[in-house]
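Subject: Structure handover

Hello,

Here is the structure I promised to pass on. Please look it over first, then read my notes below.

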Amino acid sequence: MSPPRTGPDPAPGRAATARPSAAARVRRKLSGTGASAAAIIIAVLWTLPTAGLLISSFRPEDQIKTTGWWTFFSDPTLTLRNYEEVLFGGTSTRQLASYFVNSFVIALPTMVFVVGIAALTAYALAWMNFPGRDWIFIGVFALQIVPLQMSLVPLLSLFSDGLTIGTTQVLPAWDLRGAFQFTRVWVAHTIFGLPLGIFLMHNFIVQLPKSLIEAARADGAGHGVIFRRIVLPLIVPALVSLSILQFLWGWNDLLVALIFAGGSVEVAPLTVRLAEMAGTRGEEWQRLTAGAFVSMVVPLIVFFSLQRYFVRGLLAGSTKG
């Protein structure tokens with residue numbers, strides 16, 4: 001028989017403190033050696049198809065069409081012919097070098113438009129009081145769940161026929177030719193990118209110290225001065241993160257550019273030429289291996305050169321203090 005307890009009962013929270021919580025146990029398991037090994041295996045398996053595509057892009061055409069990429073290790077034969085045909089091929093429909101400019105013309109302006117408008121709108125929604133502000137923010141949030149495909153036909157009809165209310169024509173048709181067709185792509189990309197951009201920038205700007213904004217107002221600074229001299233330097237990580245996301249979306253887009261600009265040589269982006277590269281019957285698919293990596297060069301350069309800002313933008317607001 002155990003002796004009676006004479007001391008005070010332990011504090012109610014002491015047992016919970018002594019025993020690790022379920023979340024702590026899960027975290028410890030995910031940080032162990034087994035979890036690290038599993039993560040490495042998953043990373044290798046995830047990267048394997050890309051590595052096979054890279055190896056195939058340097059293999060001769062006959063080997064690509066007859067054997068798998070893993071046979072390269074038993075018969076290592078390399079060639080640059082696939083890249084030469086992709087970049088400097090004889091037919092204009094298979095060249096990629098001429099369409100890099102079109103992709104830049106599409107991606108860069110839309111990135112600037114989305115980031116600039118999103119930052120200004122997010123500041124207004126976060127630090128300016130006006131009627132209907134909360135409803136506008138709710139509307140911006142709701143627009144994120146609208147599928148892009150649902151708005152393609154109405155927007156194309158607006159560009160082609162204009163907007164008429166009753167007998168009054170509010171907006172004329174956009175009958176644009178040549179390089180001016182990029183304008184419709186810029187507007188479409190900006191419209192599709194603004195809901196997410198405004199939402200991300202708002203969540204970043206609204207977490208700035210309120211005392212900082214109030215001190216600037218007490219000194220007589222208007223909203224323009226506050227945004228330009230105080231808010232803008234503090235939201236650089238968020239601006240860069242949104243710029244990367246918007247640039248990559250514009251660079252990799254095929255649907256929007258093809259619908260609103262067409263597939264002509266003057267305005268066709270890189271993705272349109274990649275889609276045509278395999279030939280009408282898909283018999284020239286070996287060019288796709290080289291074309292895929294050619295199109296990846298610019299996004300990789302942009303991402304890795306701005307990676308530190310991208311990570312800071314993603315982590316902003318996750319901790320305080």
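A residue is called buried under 20% relative accessible area, exposed over 50%, and partly exposed in between, using a 1.4 Å probe and the protein chains only. By that rule, 34% of the 321 residues of the chain are buried.

Some ground rules. This is a predicted model, so local features need pLDDT of at least 70 and side-chain atom pairs pLDDT 80 or more, while totals for chains, interfaces and linings use all residues. Residues are numbered from 1 along each chain as its sequence is written, and side-chain values use heavy atoms, with hydrogens and water left out.

Overall build
The chain has 16 helices and two strands. These are DSSP runs, numbered from the N terminus: helices are H or I with at least four residues, strands are E with at least two. A contact means heavy atoms within 4.5 Å. Among contacts between residues at least 6 apart in sequence, 70% join residues at least 24 apart. The accessible surface comes to about 19,600 Å², and carbon and sulfur atoms hold 67% of it. That area comes from the Shrake-Rupley method with a 1.4 Å probe.

Cores
A nonpolar core is a set of buried Ala, Val, Leu, Ile, Met, Phe, Trp, Tyr and Cys residues joined through side-chain atoms within 4.5 Å. The largest has 45 residues, and Met 201, Ile 205, Val 231 and Ile 235 have the most contacts inside it. Helices that each supply at least two residues of this core include α5 (81-88), α6 (100-127) and α15 (286-305). The largest share, 12 residues, comes from α6. Leaving aside residues up to four places away in sequence, Val 231 touches Tyr 123, Ile 205, Leu 208, Ile 213 and Ile 226. Apart from this core lies another, of 13 residues, among them Leu 155 and Phe 182.

Pocket
A pocket is an open set of points on a 1 Å grid over the protein atoms alone, with protein on both sides within 12 Å along at least five of seven lines; its lining residues have an atom within 4 Å of a point. Which residues lie nearest the centre of the largest pocket? They are Ile 191, Phe 192, Gly 193, Pro 195 and Leu 196, out of 15 lining residues. Two elements give two or more residues to that lining: α9 (182-205) and α12 (236-252). The most, five residues, come from α9.

Gln 144 sits in the loop between α7 (133-143) and α8 (152-161). Gln 144 is partly exposed, at 29% relative accessibility. Not counting residues up to four places away in sequence, Gln 144 touches Pro 195, Leu 196 and Phe 199. Its C-alpha atom is 6.1 Å from that of Leu 196, 52 residues apart along the chain.
Leu 108 lies in helix α6. Leu 108 is partly exposed too, with a relative accessible area of 38%.

Best wishes

Terms used: 1 Å grid on protein atoms, 1.4 Å probe; cavity = no way out; pocket = protein on both sides within 12 Å on 5 of 7 lines; lining within 4 Å.
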